[in-house]
Amino acid sequence: MSVSGSVKGVLVAIDAQIVFIISEVGEIWSASGFLMSTISQEHFLYPFAERSISNPNGKCCAILERGNLVEYSNLEMYNLAIEYAKRILSIKTNFGEVIPIILTTGIDLYAAFIGVSIAGCVPTIFPPYNKKQDINIYKKSMSELFKRISVRNIISSRSILNSEMYYENIIFKEDFASNCIGLNDIIYPFYKKIAFLQHSSGTTGSKKGVMISHDNILRHANTYADCIGLVDGDVIASWLPIYHDMGLITSFLMPIIKGNRFVTMDPVEWSMRPDRFLQIVTSTKAAFAWFPDFAFNHTVSMSRATDIDLSSIKKIINCSEPCRKSSIDKFYQRFSQFGLSNDALHASYAMAENVFCVTQTKRSTYPVCDYSDDVAYVSSGRPMDGVGVYIKDEFGDFVENSDVGEIWISGLSLTDGYYLMPELTKERFIEDVYRTGDLGFMRDGELYVVGRNDDVLNINGKKIVAHDIENIISNIEGVISGRCFAFSVYEISRSRNGLGILFEHNLETDLEIENLKKLILKNVASISNIAISELYAVERGFIVKSTSGKISRKLNIEKMLSHFHSGF
Amino acid sequence: MNYMASVAAIIIDVLDLGSFNIDENTTAGDVPGWNSLSHANILMAIEDYFQIEFDLSEVLSAENVGELVGMIKVQRDLK
C-alpha cells in the first residue's frame, strides 16, 4: 500500500538510517512510504509466525490454570504476542532495547517474550519477587542490575510489582484490553544481533546475561531436536521456570520453533503437588521432560499417585552438574510400575553459554556410570553435533588418560558472551572456546561431570557465587569481616545439595552466638532466597586463606570434612 | 488439640533439626534447611497428619508458623 502525502510521527533510526515511522495514530510506516507487514525470515520466531498462519488452530501449548489444563492454539499465542509487540512499539522503545519480563507461569509470560522479540527488542526473564526475600534488598539489587543493563521498560503484573518500584515504565499485563493500539500489517523491526538474554542466578546486581543470537537459538533448536529424536507430534511436558535456560530452551523455545506442543505448570505448584505433573504427562501422553537432579528425588518423596501412566515418555533427561545415579535409580524404582521404561532415563550437560546442550546421552539403555574414588558418576553422554568438548588442566594443557580436569567447550552454538560485560566475556570465552569452570573427565567418548573448579556453588540446581553469600555474612555485626566460607553440601537424607556456612566471630557467650546464627540464617534467606542447611561457628583462624588473602576452597572443604559430620 | 505443638514437631521432624525452638512468629528464614522444597515436604506432612488439603495460593501466603496454624484450624473446622 503506497502513501499519498506525508506521514507525521516519530522517526525510528538505526545507524543514522530512518527505518520506520510510528505515525500519530500509532501506525508503523516504512521510510519508503509503505505500511509494513511481517517479521523477518531470519528471526528465530519466523517458523512460529508462519505456522500461526498455515495451521492457526494447531495446538501450541497447554497450561495448568486453577487445576485445569487450558489449551492455546498457535493463532491465540501469536495474537497475544502481537498485542504485546504493538504495545511495546507504541511506547517508543529503542531498537534492541532490553526489556525484562517478570511474570509467573501463564500464557502472558510466553506471549510477552515472543512479543518483545517481534518488536525488535531483547526479552529477558527474571523470577518474580519471593516473599522470603527482603523486599528492599530485592528492589535494590534489581535496580542495580537494571541500571547496569540500561533498562527503561519492564513487563509485569500488578499482582507482582507496583509502579512505585524502580522502573521508568512498567507495562502491566492487566492494562492490555484498553490500551492496545491499532497497528495492523506491520513489518516488525528485526534486531539481528541478540535474540534474547539468558541471565544467570545471582544474589546481587551481578547477574550476568548471556547474549543468544537468532542464529544461535535456531541452530541449537534444530540440532538438539535431532539429537534427542524429537519428531512431529511429540509433546513436551514441563514444570520448569523459564527464567532458567533448561525450561526456556527445552520446554518453550525449542517446541515453539519446531512446532511441538508443550504442556506446563507453575514451578511452585509443582514443588507442592508433583503428582499433578505426572498426571499431565499421563493425560497428554507427553514424550519428553527435563529435570534437574533434585527433582527426581523430590518427586519420589512427594508422590502418592496410583493412577498415572508414564509409558509415553521417550526421554526424561537429568540435566545437572553432576547427575547422581541414586536419583535416577530411585525414580526408576518408584515409577517403573507405571510404565516408565528404563531406556527413557537420560542425562545431559548443558549451559546457557552454549544456548543449552553440550552433551546428551543417546543410547537406549539405562544411564552408564563410571566410578572414581568410589563415587558413581553418571555419563552425561557424547558431545552434540557441532560441539567440541575438551578436558584441560589448570595450565590449559589437555589432560591424559581420562583424568579429571576442567571442561572447555567450543562449537557453532557458542554464544558471543555476556551482555555489557566485556571483561568477563574475555576471561571466559578464549579464542572461540568457553572455559566452563566445571570439572569432569571423558571416557569412551562420553563426558562425566564431577563438580566445580571455581567459587560457583550448585544449590539445588541454582548456581550461586560463593562470594555473594560470604559478603552478605561478612557484613553482619559479630562476624569477623572476610572470615566466612560458603560451600555446597550434599544432604544424603534429602538427596539434594544444600548450602553450608562456616564463620568466625568476635562474640563471647553461647547466647550471643546463637542469636548471631539466627541473624545469619535470616539475612541470607532474605537477600539470596536460599536457606542455609548447615551453619557452623568456628574458632578464630579456622578458615584457611591463601597467602594472597583469598579463601582456599579446597583446603577449607578438606578441613570441614575432618571436623564436622557432613554428607558431602 | 495443641495445633502449634504438633506443627512444630512436624517441622522439626521433616527438617531433622533435633531440637529447635519454633513458635508462632517463626518464619522459614529463621530455620536451617527450610527452603522451597522442604517447605513442600512440611506442608505435605501437615496435610497427612491433620487429614486436610491446603489451597495452594492461600497456604503460600502464610507469613509465619502462626498463620500456617491458623489455616490448619480453619481447614479442620470445615471438615
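This is a predicted model: local features need pLDDT of at least 70, side-chain atom pairs count only at pLDDT 80 or more; totals for chains, interfaces and linings use all residues.
**View 1. Helix α4 of chain A spans residues 135–148.** The helix has 14 residues. From first C-alpha to last it reaches 20 Å, close to the 20 Å expected at 1.5 Å a residue.

**View 2. One face of α4(A) is lined by buried residues.** The buried residues are A:Tyr138, A:Ser141, A:Met142, A:Leu145 and A:Phe146.

View 3. Just after the helix comes A:Ser150, with a positive phi of about 55 degrees.

**View 4. Chain A meets chain B.** In this interface, 23 residues of chain A are in contact with 29 residues of chain B. The two chains bury about 2100 Å² between them. Carbon and sulfur atoms account for 55% of that area.

**View 5. Salt bridges and polar contacts cross the interface of chain A and chain B.** There are three salt bridges. One of them joins the side chains of A:Arg273 and B:Glu47, at 2.8 Å from N to O. Seven residue pairs are in polar contact. On the side of chain A that touches chain B, α8 (267–272), α10 (293–302), α14 (510–528) and β30 (532–538) each supply at least two residues. Helix α8(A) gives the most, with five residues.

Definitions and conventions:
Residues are numbered from 1 along each chain as its sequence is written. Chains are lettered from A and ligands numbered from 1 in the order in which they are written. Side-chain values use heavy atoms; hydrogens and water are left out. Helices (H or I, at least four residues) and strands (E, at least two) are DSSP runs, numbered from the N terminus. The expected span of a helix is 1.5 Å times one less than its number of residues. Buried means under 20% relative accessible area, exposed over 50%, partly exposed in between (1.4 Å probe, protein chains only). The arc is that of the directions from the helix axis to the C-beta atoms. Contact means heavy atoms within 4.5 Å. Buried area is the accessible area (1.4 Å probe) that two parts lose on being put together, summed over both. A salt bridge is a side-chain nitrogen of Lys or Arg within 4 Å of a carboxyl oxygen of Asp or Glu. A polar contact is a pair of N or O atoms within 3.5 Å; within protein, one must be able to donate a hydrogen and the other to accept it, and residues adjacent in sequence count only if both atoms are side-chain atoms.
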